[in-house]
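Please examine the sequence and the structure shown below. The paragraphs that follow begin with the whole chain and then turn to individual residues.

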Amino acid sequence: MRAHSLGLFILFVSVIGCRSIAPPIIRFAPPGTDRTRLHQDFPLTDAERLSVTPDNLKALTQAQIDEIYERLTAGPLADGPFRGDLFFPRDRDHDARIRDVADPLPGGALANIALLRVEDLGRALWKGKVFFRSQRILRNRIEDLAILKLFFPDSGTIPKLTFDGETTWLLFPAAVSCGESRLDPSRPSIVIDYTKGPEIEGYRPVPDKLAGPEGLNIRDEIRLVRPGFYLGRAYFGAKFGLNFTLIDPMTMAAPPATGSIREDCQP
């Protein structure tokens, strides 16, 4: 059963989506700080938000990423295409925390290497998400590779999108709404629900079913780092699986916005 669950996990990451990067300049709270004090005494400043990038997040431990996520808010509901990246939880030694993403694997360091290879493969194939704000849905951007067409006899009918210099398939639809964060229930997150996939126009049982309750039962949630940049968490069933980032390069390249962030999800 464990092998079957892990196989499904690897298949999905394959189909969807220690660096010397300077870490973000952030004040981290002392260990044991309760959530109320974290929100009140350690709000992220504009400078701290600007120091966070998709790359330097990977240099942090999962505990640090969790703290950053708890200090964020949902921000506005996303709209349009975003470039995506994903990475597994890591400990102080920068090893993937296998116990957090799947049933335990044998092999110690070899198991860590295996997961990092899956991470690289997922990053190569999963290119991000496209949000359709007015419809409260999204679709995932999947690399159009010749080898994948062998699994989809009608691949020519899969809708495509050209964005960020890449033409990708649009697969794995999901509903988008405001909802409770599994990490930080005191503040809402933008929730991405794959159980609603069959209700969305264009749903394809193969492969879209893989993301739903009959497959890996995926649930994503995201919060805004700054305009054009969201930090996300993916769950497989009840278990946290991996982190991901979403960016809109044009919005991120614009001058920093002044004033408060618009919040579409109210507590």
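Predicted model: local features only at pLDDT ≥ 70, side-chain atom pairs only at ≥ 80, totals over all residues.

The protein chain has 267 residues, of which 52% count as buried. Its secondary structure consists of nine helices and nine strands.

Is D66 buried or exposed? The relative accessible area of D66 is 17%. A residue is called buried when this value is under 20%, and therefore D66 counts as buried. When residues up to four places away in sequence are not counted, D66 touches L183 and R233.

Helix α4 also contains I68. The relative accessibility of I68 is 1%; because buried means under 20%, I68 is buried as well. Which residues are in contact with I68, once its neighbours within four places in sequence are left aside? They are I26, F28, L44, L57, L60 and L231. For one of these partners, L57, a separation can also be given: L57 and I68 are eleven residues apart along the chain, and their C-alpha atoms are separated by 9.7 Å.

D66 is buried at a relative accessible area of 17%, and I68 is buried at 1%.

Definitions and conventions
Residues numbered from 1 in each chain as written. Heavy atoms only, no water. Helix = DSSP H or I, 4+ residues; strand = E, 2+ residues; numbered from the N terminus. Buried < 20%, exposed > 50% of the residue type's maximum accessible area, 1.4 Å probe, protein only. Contact = heavy atoms within 4.5 Å.
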